[in-house]
Amino acid sequence: MDGSVTVITNPTVSVRVTSTVSSFEVNRRFNRGITIAEFKSKLELIVGTPAACMDLDLFSTSDKFLQKLDNNEALLGSYHVDDDCRIHVTDRSGAKSGEFTDLSKVEKFEISDDAYEKRADSIRSFKKNMKLGRFNEENRAKQEEALAKKEEEEKAAAEAIAVGNRCKVEVPGQPTKIGTVMFVGTVDFKPGHWIGVKYDEPLGKHDGSVNGKRYFQCEPKYGAFVKPLSVTVGDFPEEDYGLDEM
């Protein structure tokens, strides 16, 4: 061995990029073999500043200023650029911070509903022509029919339930609950018929009142409203939890 030492330098470097036109910091990897002019062209795609309007400052990994990258012909690798260093882009074009990210400053195209209705190249026009969504009269009629049928079923089920009935509540995705019917009818917070139930255990959501209006009385977390089709009335005695056992 001749005792010589070979230094191997990574051909690429990962740096943090910041700019005067954005509050964001991004991480990118670049080839050390590109010139500063080529480097600026790549940064233009990241920060939006024209390459000709850039001033570049190099900061250490601890954000201490090191030097300016002001020689467009020099290679990026000729500067002391290490992984996790920060390169700050100063925009000399007059752009202000947030100009490219503040959407409130973007001029918006607005059109009246009548004018939009007359356009043949709109999404609404496409849906009409293809009979999609609410423009599919046949499908819409079927949905309305199914909804009306379910409402009739809910109403009929509600009429067969009386306040004071013991009941079992079975809601898909939830455990079966036992309780007492405390309310039957319509409510202010949702359409349709509802059954107010006081559960035997604190498995409910409220104390019988919703949005400041009281429908029935029970302890907090014992009350709930469920759809009539989820309620089965019958002889469901309260569970004996063995509190009297020795």
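**Strands and surface patches, step by step**

Modeller: Phe126 is partly exposed, with a relative accessible area of 46%. Keep in mind that this is a predicted model.

Colleague: How do I read that value, and where is Phe126 found?

Modeller: Partly exposed lies between the cut-offs: buried is under 20%, exposed is over 50%. Phe126 sits in helix H3, residues 123–130.

Colleague: Which residues make the nonpolar surface patch?

Modeller: Phe126, Met130 and Leu132 make the patch, which covers about 290 Å². A patch residue needs over 30% relative accessible area. Phe126 has 46%, so that condition is met.

Colleague: Which residues form the negative surface patch?

Modeller: Four glutamates: Glu151, Glu152, Glu153 and Glu159. Take Glu153 as the example. Glu153 belongs to helix H4, residues 137–159. Glu153 is partly exposed, at 39% relative accessible area.

Colleague: Now the strands. How do I read a strand's side chains?

Modeller: In a regular strand, side chains alternate between the two faces of the sheet. Now look at the cover on strand E1, residues 12–19.

Colleague: How many residues of E1 are buried?

Modeller: Seven of its eight, so E1 is mostly covered.

Colleague: Which strands pair with E1, and in what sense, parallel or antiparallel?

Modeller: Strand E2, residues 22–31, pairs with E1 in the antiparallel sense, over seven bridges. Strand E5, residues 86–91, runs parallel to E1, and four bridges join them.

Colleague: How many residues lie in the hairpin that joins E1 to E2?

Modeller: Two residues link the strands. Compare that with the hairpin of E7 and E8, which has six residues between its strands. There, Gly192 takes a positive phi near 90°.

Colleague: How many residues of E7 are buried?

Modeller: Strand E7 spans residues 177–186, and seven of its 10 residues are buried. E7 is mostly covered.

Colleague: Which strands pair with E7?

Modeller: Strand E6, residues 166–169, is joined to E7 by four bridges and runs antiparallel to it. Val169 stands opposite Lys177 in E7. Strand E8, residues 193–199, also pairs with E7 in the antiparallel sense, over seven bridges.

Colleague: Which residue in E8 is the bridge partner of Val184?

Modeller: Ile195. Find that pair first, then follow the strands to Gly192 in the hairpin.

Note on methods:
Residues numbered from 1 in each chain as written. Predicted model: local features only at pLDDT ≥ 70, side-chain atom pairs only at ≥ 80, totals over all residues. Heavy atoms only, no water. Patch = residues over 30% accessible without salt bridge, like charges linked within 9 Å, V, L, I, M, F, W, Y side chains within 5 Å. Areas by Shrake-Rupley, 256 points an atom, 1.4 Å probe, with all protein chains shown as cover. Salt bridge = Lys/Arg side-chain N within 4 Å of Asp/Glu carboxyl O. Lys, Arg positive; Asp, Glu negative; His and termini not counted. Charge placed at Lys NZ, Arg CZ, Asp CG, Glu CD. Buried < 20%, exposed > 50% of the residue type's maximum accessible area, 1.4 Å probe, protein only. Pairing = 2+ DSSP bridges.
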